[in-house]
Amino acid sequence: STLFTRAWQAEDAIAATWSPEEDGTRSPSSWMKADTHRLMTALAASLAVVPVTARDMDSFARVDVPGLNLRGPAVVANGAVILGWDGRPDREWEEHMTAKLAPWESRLNDFHIWLTGKSGGLARPRLIPGPSGLPAYLVAKAAAGWWRTPEARAILAEMDWLGCRVEVLGLELQVLPPGIGKRDATREVQRRWFAGQPPLLCLGDMPLDLEFMRLGGLLATPAGSTLDLTWPV
């Protein structure tokens, strides 16, 4: 992700997300580079830091970075859920997104079943939970480079995705129903909690992130990210 890495980068890296263990303890599952942590804590001293992420509620709940309050407001599940200042799902947005997602529940389940069988196990699809227990979107992981193979491209071309956005993001395929996106949810956070004022700085690491990043006055991406590599030199 933009701020975290699963690889241990250095001895001074900061644990950022945690996985529960059977004995009730937890162990770090991703880290934040020390210089990134210094930047984020400096920004948080003067500005509100609003996470905007594809992580679902369970995954986002495992984020715990020393010195940073990332509980909310926050945009999670690719905009299907908004958390308020108290870290709880916003009821107004939940009702709005439930109405949008309800017609897509059976279709997303169909996509999941079809992709599981069609890929012969090479893709591992799962439905990301959103508001009211409805699936928000589908994500499918595969081995590095598989989504770019002729076999995978043929599979994706065969399915009628019914107007969903279908994006390959590194190892993942994302299938987002119409109305799901980080931009609209970020604008709602802007309207509800920041008097309509646009973000000062937006960070992202994928080309798809540009949709919400362009709401900000300044845009930034980590060096070497997918977004960085797609920008012309």
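**Ground rules.** I'm working with a predicted model, where local features need pLDDT of at least 70, side-chain atom pairs count only at pLDDT 80 or more, and totals for chains, interfaces and linings use all residues. Residues are numbered from 1 along each chain as its sequence is written, and side-chain values use heavy atoms, with hydrogens and water left out.

I took helices (H or I, at least four residues) and strands (E, at least two) as DSSP runs, numbered from the N terminus. I call two strands paired if DSSP finds at least two bridges between them. I looked up β1 (residues 14-20) and β2 (residues 26-32) and found them antiparallel, joined by six bridges. Thr17 has Ser30 in β2 as its bridge partner. Five residues sit between these two strands, and Gly24 in the turn has a positive phi of about 90°.

Then I went to β5 (residues 123-129) and β6 (residues 135-142), which pair antiparallel over seven bridges. Leu127 is opposite Leu138 in β6. This hairpin has five residues between its strands, and there Ser132 takes a positive phi near 60°.

**Helix α5.** Which residues of α5 are buried? I got Ala152, Ile155 and Leu156 in this helix, residues 150-158, with buried meaning under 20% relative accessible area, exposed over 50% and partly exposed in between (1.4 Å probe, protein chains only). Down the axis of α5, the buried residues fall within an arc of 95°, so they line one face of the helix; the arc is that of the directions from the helix axis to the C-beta atoms. On the face turned away from the buried side I noted exposed Pro150 and Ala157. The cover over the buried residues includes α4 (105-118), β7 (165-169) and β8 (172-176), contact being heavy atoms within 4.5 Å.

**Cores.** For me a nonpolar core is a set of buried Ala, Val, Leu, Ile, Met, Phe, Trp, Tyr and Cys residues joined through side-chain atoms within 4.5 Å. The largest has 29 residues, and Val65 and Ala80 touch the most other members. β3 (74-76), β4 (81-83), α3 (91-101), β6 and α6 (182-193) each supply at least two of its residues. Apart from this core lies another, of 19 residues, with Leu108, Leu115, Ile155 and Leu156 among them.

**Cysteines.** I searched the whole structure and got zero disulfides, a disulfide being a pair of cysteine sulfur atoms within 2.5 Å. Cys164 counts as buried at 11% relative accessibility. Cys202 is buried too, with a relative accessible area of 4%.
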